[in-house]
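Colleague: Before I use this file, I would like to go through the labels and ask what stands behind each of them.

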Amino acid sequence: MTTALRLYYLRAKPADVYGLLVIALAGAVGVAAWGDYLPLLAFSALLPLLWAEAPSRMIAGLAAFAYYLGAARGLPTGTIIFFGPEAPGYFGVAVWLASSALLAAPWAALWTDRPTPRGFAWRLPLALALVALPPIGLVGWANPLTAAGVLFPAWGWFGLLALLALMWAMCAAEGMWRGVVAAVFVAALGLQATQGEPRAYWTAVNTDYSGNRFNPLDGPQYFMRAYEINTQLIGHATALPPRTVAVYPESLVGYWNSTTADFWQDASDALARKGSTALLGGFLNTDAKRIYDNAIIAVGADAGVKYRQRVPVPISMWRPFAQDGARAHWFDAGIFTVQGRPVAGLICYEQLLVWPALVSLAHKPQAIVAPANAWWSKTTSIPGIQRTALRAWARLFDIPLIAAFNQ
């Protein structure tokens, strides 16, 4: 397969033809790998090969750029829906192009025209790290490392090392070894890449409250919508069976304050008597500047604030120089306890990134709790990509996944 990707018959043609082919293949890999079908995620591991095959630094950067454009193809539409009519028409495309260019930059900078096995030994891990860790990692979606969950399920950290070794071999192999590496990749994909959910416990409650963007400045409209949604959620929660933990989507209860807590109090008491817990998504005000935490709040037997989002969406939620917006908890472990079990929390945007997941998984959680509010992206590829990334991490570390989406 690697030999085929090299397409030696093109070597006799102009270098720009070969470069265009590398760019086109990288874009196709980005589109195919990042969707709602888990096995195809394995093909994201081919990005380093295409990067190494680029005949020039410019082609290497453009190939990575095409890959990220393909993976993030839902951004132009989703961004415009999220920001609404107040955003200029070009804003979604600008975010799409800028974020893809930022992620492509390390690949371009680290490309070399003298590839050697030793050179790839540090260039490849560094490129993957730069697009996974802050500051670039704040938009670090579509990282090929996520493919470890497809190719090496239940291997944990050894799976990440195995994938890194496989990608390095793809870049560095010469002669007959190219065929050996290709055979290993195909064999791993064929043996392990099965669609299907990781084992799970507890209950995930998916909803379809479209256009659910809470803003108290909307006045009566906000309060009426908050009342309607909370009333329906209370009805659902109070009907939960005994000793159940239910996960509800991100932010549905709106701002969690003394009024909201009082509204939920009877339901919380009823759940506690049954030994059940509801994990709700809501906002916690932190000061008078309208700074808030995007949080998971538990009611019932295990009541309390459980988790505060570590990486809110840049620009739309996290605005460090503004007087409002979501607060970031960069250095939290992302672990909380429910029914005596440590679980990892990943709220919406964090599900697309690598470093929040790996930080939490390093603390050996027994499950991943993943609420999301995808009303703004439900017509795009983004929710499917979120679910695929979550499934991959759960498979890699062989732990249950409880993902609740509002669409």
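Colleague: Which residue stands opposite Ile368 in E9?

Modeller: Ala344 stands opposite Ile368 in E9. Bear in mind that this is a predicted model, in which local features need pLDDT of at least 70, side-chain atom pairs count only at pLDDT 80 or more, and totals for chains, interfaces and linings use all residues. Residues are numbered from 1 along each chain as its sequence is written, and side-chain values use heavy atoms, with hydrogens and water left out.

Colleague: Why are E7 and E10 said to stand at the edges?

Modeller: The open sheet has four strands in the order E7-E8-E9-E10, with mixed pairing. Strand E7 (335–338) and strand E10 (401–406) each have a single partner strand, so one side of each is left without a neighbour in the sheet. Neighbouring strands are turned by 30° against each other on average, direction ignored.

Colleague: How do you know that E9 is largely enclosed by the rest of the structure?

Modeller: Six of the six residues of E9 are buried, so the strand is largely enclosed. Buried means under 20% relative accessible area, exposed over 50%, and partly exposed in between (1.4 Å probe, protein chains only). Ile368, Ala370 and Ala372 are buried on one face of E9, and Val369, Pro371 and Asn373 on the other. Helix H14 (residues 382–397) lies across E9 and E10, at about 170° to E10.

Colleague: Why is Ala162 called buried, and what is Ala165?

Modeller: Ala162 lies in helix H9 and has 18% relative accessibility, so it counts as buried. Ala165, also in helix H9, has 40% and therefore counts as partly exposed. Leaving aside neighbours within four places in sequence, Ala162 is in contact (heavy atoms within 4.5 Å) with Phe152 and Trp155.

Colleague: Why are H6 and H7 called roughly antiparallel?

Modeller: The axes of helix H6 (residues 91–110) and helix H7 (residues 117–130) come within 9 Å and cross at roughly 165°. That makes H6 roughly antiparallel to H7, because angles over 145 degrees count as such, while those under 35 are roughly parallel, 65 to 115 roughly perpendicular and the rest oblique. Axes are lines fitted to C-alpha atoms, for helices over the stretch in contact, and angles run from 0 to 180 degrees between N-to-C directions. On the H6 side, the contact is made by Pro106, Trp107 and Leu110.

Colleague: Which residues touch the most other members of the largest nonpolar core?

Modeller: Of its 102 residues, Trp51, Tyr68, Trp107, Trp141, Leu279, Ile368 and Trp393 do. Helix H9 (residues 157–172) supplies the largest share, nine residues. A nonpolar core is a set of buried Ala, Val, Leu, Ile, Met, Phe, Trp, Tyr and Cys residues joined through side-chain atoms within 4.5 Å. Another core, of 21 residues, lies apart from this one and includes Leu233 and Val299.

Conventions. Two strands pair if DSSP finds at least two bridges between them. Helices (H or I, at least four residues) and strands (E, at least two) are DSSP runs, numbered from the N terminus.
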